[in-house]
Amino acid sequence: SDDGFLYCLATGDGKLLWKKRGHDDGGMVLGNGRLISRWPARGGPVIADGVVYWAAGIWPSEGVFIQATDTSTGATLWRNATAADIVMPQPHSGAIARSGISAQGDLVLAGDRLLVPTGRGVPAAFHRQDGKFLFFHLQTFGKVGGSPTAASDSQFFNGGYAFDLATGKSPSFTGHDVMAMAVTPDSIVIATTNQVAGFDKSNLWLERKSKSAQRVLKEPQWRIPTSIATPSSMIVARDRIVVGGPGSIAVIDIPSRNAVFERTIEGEALGLASANGRLFVCSTTGAIYCFGAGPAPAPRPTATIPISNPVPA
């Protein structure tokens, strides 16, 4: 949250189990028309093996804190407090200054790497086990970047390019205006203007015979048209692709290459999830939509849990 905390709630009843502040100081500043933490938690959490990885802080001059937290207890397993205190090349050529990572976007795990998106820059990489800083090539790729990041076995994708997972270098141009991406065990699926396309993950690249010897993605194994002109979100659930954009979502069946259904929504679909045969869509209006087969179930009794209950930080 922008209040600087990571919250853990019980799935059964929404009870607050623990909350963790990204920085020990409770200082506040004005942000987005309200008071927020000086270290807002905008490094979105990613969970694996009972550990949640997340980040707080967006201004290097104030400090950025990347951390691993035990999901059961809220105990800190490690915290990197020096990610914003790195003498490094800046975006302007030849400029070197003390700066660092601005954590903005959902973190990504890939093997022993923890990738931290940095807003408009390329992601930075840290060691998953101890939080050790590995690389952040801000100046080298100053015109490339963005928060949406995806990773496969040996590379990660960001800003329309693929980067070597080990070094963060050797970028390869995807050759597509990638607006959303998902990685499956066999394929890489991308969403572009009015279509989705699938690529064979084991045979991705074509070497261009040019002075730059640039690699590009091979032609996709398949393309499927969609009604989403500007995709903003996408997931793959089994053999279905879900694409969301301004005012609508589309569900596509991969084997038949056909749209299963399309629905209009208010606002833009930015959050997608699939569970128990249902599709959940979060819109920029603040609404959550649920789509599924059959009649809607009777609503359960609900209770409001005060989030401000005193809980140890």
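In which strand is leucine 35 found?

1. Leucine 35 belongs to strand β4, which covers residues 34-37. Please keep in mind from the outset that this is a predicted model, and that the values discussed below are computed from it.

2. Leucine 35 has a relative accessibility of 57%, and it counts as exposed because the cut-off for that word is over 50%. Together with Met28 and Leu30, Leu35 forms a nonpolar patch on the surface, and the three residues have about 350 Å² of accessible area together.

3. Turning to the aromatic residues, a search of the whole structure finds eight aromatic pairs. One of them joins phenylalanine 156 to phenylalanine 163, with 5.2 Å centre to centre and 15 degrees between the planes, and this pair is stacked. Ring pairs also link Phe156 and Phe163 with Phe135 and Phe141 into a cluster.

4. As for confidence, the chain has a mean pLDDT of 90, and 96% of its residues reach 70 or more. Strand β6 (residues 51-56) has the highest confidence, at a mean of 98, whereas strand β24 (residues 215-217) has the lowest, at 78. Where pLDDT is low, predicted coordinates should not be read in detail.

Definitions and conventions: Residues numbered from 1 in each chain as written. Predicted model: local features only at pLDDT ≥ 70, side-chain atom pairs only at ≥ 80, totals over all residues. Heavy atoms only, no water. Phe/Tyr/Trp six-rings, centres within 6.5 Å; stacked < 30°, edge-to-face > 60°. pLDDT = per-residue confidence, 0-100. Helix = DSSP H or I, 4+ residues; strand = E, 2+ residues; numbered from the N terminus. Patch = residues over 30% accessible without salt bridge, like charges linked within 9 Å, V, L, I, M, F, W, Y side chains within 5 Å. Areas by Shrake-Rupley, 256 points an atom, 1.4 Å probe, with all protein chains shown as cover. Salt bridge = Lys/Arg side-chain N within 4 Å of Asp/Glu carboxyl O. Buried < 20%, exposed > 50% of the residue type's maximum accessible area, 1.4 Å probe, protein only.
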